[in-house]
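Subject: A structure for you to explore

Hi there,

Here is the structure I promised to pass on to you. Please open it beside this email and follow along as you read.

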Amino acid sequence: MLTRVGLIGDIHCEVARLRQVLEHFRSCSVDTVLAVGDIADGPGDLGETCAILESAGVLAVAGNHERWLLAGQMRDLPDATPIAAVTPRIRAYLAALPKTRLFECSRGKVLLCHGLGEDDMAAVKPDDYGYDLEANRALWELVEGRTARFVINGHSHRAMLRNISGVTILNAGTLHAARGHRPLCSIADFDAGYMQLYDVADGHTTEAERWTFEQASRPHL
């Protein structure tokens with residue numbers, strides 16, 4: 001049963017920020033830490049990143065970067081983890097990550113995934129509206145299938161809380177600052193009904209926006 005949960009967005013081997021965020025979560029007494037995948041392909045060491053997640057008991061799912069890495073694909077990406085750096089231990093850890101995890105909270109079911117459900121390339125962005133939403137097949141499969149009341153995801157690197165047709169999507173953002181993205185972590189309190197964002201930079205974790213489940217970062221749809 002999830003109550004007060006630390007959320008880690010796309011990590012991309014940001015080892016120092018990952019350590020910083022986990023220490024912050026310990027100081028805030030969260031009961032569970034969840035990670036949305038895209039652990040691989042970044043400036044730091046993948047083995048160290050996986051070891052930190054494993055030792056901290058973080059419950060993670062696989063993202064598209066893990067899928068690409070294990071298949072030996074997309075290795076010409078900037079900061080791509082070299083295949084030669086993937087030890088049997090790293091491969092075993094990544095290969096064992098599920099695409100989704102389903103939890104319970106006091107308000108209903110909570111789905112942890114990278115994109116939307118099984119589709120690790122799907123996303124809902126803060127500025128999606130109209131046709132962008134209507135044509136989002138992965139989104140409506142979740143909505144119509146009543147898979148979960150809440151979806152915790154990443155992929156877009158853009159933190160967000162949106163209510164769409166009875167499903168609340170909490171995007172955890174990213175720890176990776178590439179392409180102007182803002183390094184963030186967050187705490188979701190399912191009993192109190194809010195998502196608290198924190199800026200993660202230069203060794204300091206500072207309180208930022210707070211979005212309630214009723215007053216989300218976007219209007220109700």
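Leaving aside neighbours within four places in sequence, which residues is T81 in contact with? Before the answer, a word on the ground rules: this is a predicted model, where local features need pLDDT of at least 70 and side-chain atom pairs count only at pLDDT 80 or more, while totals for chains, interfaces and linings use all residues. Residues are numbered from 1 along each chain as its sequence is written, and side-chain values use heavy atoms, with hydrogens and water left out.

**T81 and its surroundings**

Contact here means heavy atoms within 4.5 Å. With that rule, T81 is in contact with C13, A40, D41, G42, L46, L69, R75 and V86. You will find T81 in the loop between α3 (64-71) and α4 (88-95). Helices (H or I, at least four residues) and strands (E, at least two) are DSSP runs, numbered from the N terminus.

Is T81 buried or exposed? Buried means under 20% relative accessible area, exposed over 50%, and partly exposed in between (1.4 Å probe, protein chains only). T81 has a relative accessible area of 7%, so it is buried.

One of the partners of T81 is L69, which is also among the buried residues of α3, together with N64, H65, E66 and W68. The cover over these buried residues includes α2 and α4. After α3 comes G72, which has a positive phi, near 70°.

C13 is buried, because its relative accessibility is 1%. Its phi is near 60°, a positive value in a residue other than glycine. That is worth a second look, because most residues other than glycine have a negative phi. S29 also has a positive phi, near 55°, and sits in the loop between α1 and β2 (32-35). S29 is exposed, because its relative accessible area is 57%.

**Helix α1**

Now look at α1 (residues 15-27), where F25 lies. F25 is buried, with a relative accessible area of 1%. Beyond residues up to four places away in sequence, F25 touches G6, L7, I8, V30, V33, C185, S186 and I187. As for G6, it is 19 residues from F25 in sequence and 6.2 Å away in space, C-alpha to C-alpha.

How do α1 and α2 (residues 46-55) lie relative to each other, and at what angle do their axes cross? The axes come within 10 Å and cross at roughly 10°. That makes α1 roughly parallel to α2. Axes are lines fitted to C-alpha atoms, for helices over the stretch in contact, and angles run from 0 to 180 degrees between N-to-C directions. Angles under 35 degrees count as roughly parallel, over 145 as roughly antiparallel, 65 to 115 as roughly perpendicular and the rest as oblique.

At this contact, V15, L18, R19 and L22 of α1 meet E48, T49, I52 and L53 of α2. These residues divide into 5 nonpolar, 1 polar and 2 charged. (Ala, Val, Leu, Ile, Met, Phe, Trp, Tyr, Cys and Pro count as nonpolar, Asp, Glu, Lys and Arg as charged, and the others, Gly among them, as polar.)

**The aromatic rings**

Rings of Phe, Tyr and Trp (its six-membered ring) pair if their centres lie within 6.5 Å; planes under 30 degrees apart count as stacked, over 60 as edge-to-face and the rest as tilted. By this rule there are 3 aromatic pairs. One of them is F150 with F213, a tilted pair with 5.0 Å from centre to centre and 50° between the planes. This pair links distant parts of the chain, 63 residues apart: F150 is in strand β6 (residues 150-153), and F213 is in the segment after β11 (204-212). F150 is buried at 1% relative accessible area, and F213 is buried at 4%.

F213 also forms a tilted pair with F190, at 5.8 Å centre to centre and 45° between the planes. F190 is in the loop between β9 (184-189) and β10 (194-201), 23 residues from F213. Together, F150, F190 and F213 form one aromatic cluster.

Enjoy exploring, and write back with any questions!

Best wishes
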